[in-house]
There are 2 protein chains.
Amino acid sequence: MMDFALRCATNIHWQALDVHREARALIKNQIPCCIWFTGLSASGKSTIANLLEKRLHAEGRHTYLLDGDNIRQGLNRDLGFTEADRVENIRRIAEVARLMVDAGLIVLVSFISPYRSERRMARGLFTDAEFIEVFVDTSLDECERRDPKGLYAKARRGELKNFTGIDSIYEPPEKAEVHLESGVESPEVCMERIIEKLSSLQVSV
Amino acid sequence: MMDFALRCATNIHWQALDVHREARALIKNQIPCCIWFTGLSASGKSTIANLLEKRLHAEGRHTYLLDGDNIRQGLNRDLGFTEADRVENIRRIAEVARLMVDAGLIVLVSFISPYRSERRMARGLFTDAEFIEVFVDTSLDECERRDPKGLYAKARRGELKNFTGIDSIYEPPEKAEVHLESGVESPEVCMERIIEKLSSLQVSV
């Protein structure tokens, strides 16, 4: 049996060689970051995020999209829609995004994330260069006109409580890195605007 | 302004082309999986997991290690060490590992994870081929002799409550994919045994 103290001494050497974020990013030839989409329900966040992910993937980038589909049924299925739960929802998503950026990925996050304070909290987990806030700025009127899942109609009838824009506030970003008018420009054009921003930040080509 | 109904129709096309796990794994030329280390405190889990991660990284694999260092201070900092909190701790870790495997990574998880039920829950989030349980089987006597952080001594003095092996149970796995005797074999040999298993599962070369 090896002496554990000896092995501990050996481990100090190994620890210094641990696989860290730069090593992972290098192997992937990309600069990891978190692209955070915020906006009202039906504003176009997920549509644009999906387009962006496909584009980045086609360029050989390694991405991951965190959205309601893979979070609400899994990690956050114990959370509801009260204000406290919504804050905890975003906190956990931000922490997972941080782990994934640490793992070397370009992480796209698509959640309403209505409160400035929670987006500030999320931003605080990253370096300045790593966090790119994308405000999908579509008017409430337009979102309500689209209403693909009938959620606004339900909220207006009082069947959905705490619905952002109806009986729960949305605080628009004051200085998002990218400001998209998805009611005016097509999702493809919006996606291109993000690509331009990423290029200027040297995240993508 | 584009008509939203038209854009929705377009989106159906796009959705079908979404970046899915096979596409991500392909770009990485690896088979994503979750390698789950379980064992007592000081059994050697993290030492072996670190060795394994460095080896996989050297082979060009894209890995990530989830352990106390990056989980307890972030995602799970709201959790303590009661039984309920420990179960929730493992549940969230398993969900994050699942997301990362979905993202195409080889994820190493290093937590005591003392309960069979929680490891079964974790396993249930993956396909059979994706989940590789590694039992780092070191006797309590040996772990207590090592006690690199003095935690066993503290627990014996009653200063640490719910400490696995002292006043909280550890349920050993009944059929882990890999069974390591870290008290008998060196960490390097233990790591090689995992590599052999991964090779036989065609996860790594």
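Biologist: Where in chain A does A:Asn162 lie?

Modeller: This is a predicted model, in which local features need pLDDT of at least 70 and side-chain atom pairs count only at pLDDT 80 or more, while totals for chains, interfaces and linings use all residues. Residues are numbered from 1 along each chain as its sequence is written, and chains are lettered from A and ligands numbered from 1 in the order in which they are written. Helices (H or I, at least four residues) and strands (E, at least two) are DSSP runs, numbered from the N terminus. In these terms, A:Asn162 is in the loop between α8 (151-156) and β5 (178-180) of chain A.

Biologist: What is the phi of A:Asn162, which is not a glycine?

Modeller: Most residues other than glycine have a negative phi. A:Asn162 has a positive phi, with a value of about 55 degrees.

Biologist: Is A:Asn162 buried, exposed or partly exposed?

Modeller: A residue is buried if 20 or more other C-beta atoms, placed from the backbone, lie within 10 Å of its own, exposed if 12 or fewer, and partly exposed in between. A:Asn162 has 15 other C-beta atoms within 10 Å, so A:Asn162 counts as partly exposed.

Biologist: Is B:Ala42 buried or exposed?

Modeller: B:Ala42 also has a positive phi, near 70 degrees. This residue is in the loop between β1 and α3 of chain B. With 24 other C-beta atoms within 10 Å, B:Ala42 is buried.

Biologist: What share of the residues of chain A count as buried?

Modeller: Chain A has nine helices and five strands. Of its 205 residues, the share that count as buried is 44%.

Biologist: Which residues of helix α6 (residues 116-124) of chain A are exposed on the face turned away from its buried side?

Modeller: The buried residues of this helix are A:Glu118, A:Arg119 and A:Ala122. They cover an arc (taken from the directions from the helix axis to the C-beta atoms) of only 100 degrees, so they are on the same side of α6(A). Two residues are in contact if their C-beta atoms, placed from the backbone, lie within 7 Å, and the buried residues of α6(A) pack against β1 (33-38), α5 (83-102) and β4 (131-136) of chain A. The face turned away from them carries the exposed residues A:Ser117, A:Arg120 and A:Gly124.

Biologist: At what angle do the axes of helix α3 (residues 45-58) of chain B and helix α9 (residues 187-200) of chain B cross?

Modeller: Axes are lines fitted to C-alpha atoms, for helices over the stretch in contact, and angles run from 0 to 180 degrees between N-to-C directions. The two axes come within 9 Å, and their crossing angle is roughly 55 degrees.

Biologist: Which word describes how α3(B) lies to α9(B)?

Modeller: Angles under 35 degrees count as roughly parallel, over 145 as roughly antiparallel, 65 to 115 as roughly perpendicular and the rest as oblique. The crossing angle is roughly 55 degrees. That makes the placing of α3(B) to α9(B) oblique.

Biologist: Which residues does B:Ser182 contact, leaving aside its neighbours within four places in sequence?

Modeller: B:Ser182 is in the loop between β5 (178-180) and α9 of chain B. This residue is buried, with 29 other C-beta atoms within 10 Å. Beyond its sequence neighbours within four places, the contacts of B:Ser182 are B:Ser43, B:Gly44, B:Ile48, B:Val136, B:Thr138, B:Pro187 and B:Cys190.
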